[in-house]
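I set out to look up two matters in this structure. The entries below keep the order in which I worked.

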Amino acid sequence: MNGADAKKQPHDRKSTVKVGMISLGCAKNLVDGEVMLGHLEAGGIRVTSDAGEADVVVVNTCGFVTDAKAESIDSILEVVEAKKAGRVRRLVVSGCMAQAYAEELKKEIPEIDAFIGLDELESIASAVRGELEDHVPDQHGAVRLYDHANPRLLSTAGYAYLKVAEGCGNPCAFCHIPAMRGDFRSRRLGDLVAEAKRLEAAGVRELVLIAQDTTRYGEDLGIGHGLRTLVSALLDETELPWIRFLYAYPATLDEGLFELMAANDRFVSYLDIPLQHASRRVLKAMKRGGNAGSYADLIARARAVVPGIALRTTFIVGFPGEEDAEFEELMDFVEATRFDHLGVFSYSWQEENPGSELGDPVPDEIKAERRARVLELQQSVSMEKNRTLVGRTLPAMVVGPLAEMELLTEGRLMRQAPEIDGRLLINDGAAQPGSLIEAEITEAHPYDLVGRVVRVVREPATRSRMLPVLGSVR
């Protein structure tokens, strides 16, 4: 069906077209995808997680780093091939690449039928129907904020992300997200509480607060201690068992959040704080504050106030100016700090980056070697930390059958954030997905843990429909 044919289709609520979505990149992008799925359902368009029955595929792209762009392009081209083979009728591209590169994509991949920008999520039904054939999103940074009144179809089980703000005002030299997603702008507190209540009513047990700079929440609204105020409101006005936040920025982190964690078990004792590096010289080139000493002091204060707090960070290796001495300083910091979870990325030079003029002087093979060394070090740290958990009985959430081996059940401890940390593999006992349990840890591995169900603390609530996104169209 071409664009002209699509325009002739009646816009009733009995559409037989089925739409699938491939969502790539970060959790913030996934929330945008869920909002688009909600608008499709609200418009009477059927959505599916079965790649074999999707007539229209939406590729929700990521444009953060070169590898993410390549993955997005590969996914688009995969759908193009399915379209040529007659298995897919239409291809819609959304997300950051649609926002920033629609003109180029339109020229290079004419098989794309429509683009949806970050400010146009509610137009997804029109794109699916073929009504936006010649439309190209405004290529400037996004400006809108979506509120709780927008429909949303969850793609996650047991947990959900709550995007508390959009955009970013930080000048990091390695990141061009502000150019795509616009300036930092917070959602209203009451709006967020309303969405949290709706998610709780839908059966969500864990609420994960996210933004580009979550700890800056409320600053633009004049809310003092904004994130702490928001978390307090969520604790007071919902009964959600687990609430956590991701993407803390060191310069905007309110340390009063640690006291709130220590005082309330529902506010998960977990700190995700991407530090990016430990060398002052590299951090200065990145246009970030801090150094190994200030970061160590911050982490020591967190551990003093919240005993047992789980710490996650991410680092970038191979940034311009990182010589052997700066890298060894990073290694020393990782070894001394002993994070619970750690991710490492090789620097991805892009012309759009604010620091592109610094070039890309560190060879790729050196970046890969340094990344491997950090991960090897962290693997030994993680193994030691996980071994201390063997024999303990800890709160956990059941996710569902393990994708790789259905005889095992996947779960998560409170110290494990969804999608980015290790997992609890349950090999003894049963509980429904979404259940809160107590689990005895029986084995330790570098990233995952193995355990058994001791008892079910709370059965899952009745849930509204959940739709996993597609992995591919194969």
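I worked from a predicted model. I searched the whole structure for disulfides and found zero. I next checked Cys 172, which is in no disulfide either, its nearest cysteine sulfur being that of Cys 175, 6.3 Å away.

Are they buried or exposed? I noted a relative accessible area of 10% for Cys 168, so I recorded Cys 168 as buried. For Cys 172 the relative accessibility is 8%, and Cys 172 therefore counts as buried.

I looked up how helix α12, residues 324-337, lies against helix α13, residues 364-387. Their axes come within 10 Å and cross at roughly 15°, which means that α12 is roughly parallel to α13. I recorded the crossing of α12 past α13 as right-handed.

Which residues make it? On α12 I listed Asp 324, Phe 327, Glu 328, Leu 330, Met 331, Val 334 and Glu 335. On α13 I listed Arg 370, Arg 373, Val 374, Leu 377 and Gln 378. Sorted by class, the contact of α12 with α13 comprises six nonpolar, five charged and one polar residue.

Notes. Residues are numbered from 1 along each chain as its sequence is written. This is a predicted model: local features need pLDDT of at least 70, side-chain atom pairs count only at pLDDT 80 or more; totals for chains, interfaces and linings use all residues. Side-chain values use heavy atoms; hydrogens and water are left out. A disulfide is a pair of cysteine sulfur atoms within 2.5 Å. Buried means under 20% relative accessible area, exposed over 50%, partly exposed in between (1.4 Å probe, protein chains only). Axes are lines fitted to C-alpha atoms, for helices over the stretch in contact, and angles run from 0 to 180 degrees between N-to-C directions. Helices (H or I, at least four residues) and strands (E, at least two) are DSSP runs, numbered from the N terminus. Angles under 35 degrees count as roughly parallel, over 145 as roughly antiparallel, 65 to 115 as roughly perpendicular and the rest as oblique. A crossing is left-handed if the near helix is turned anticlockwise from the far one by less than a right angle, and right-handed if clockwise. Contact means heavy atoms within 4.5 Å. Ala, Val, Leu, Ile, Met, Phe, Trp, Tyr, Cys and Pro count as nonpolar, Asp, Glu, Lys and Arg as charged, and the others, Gly among them, as polar.
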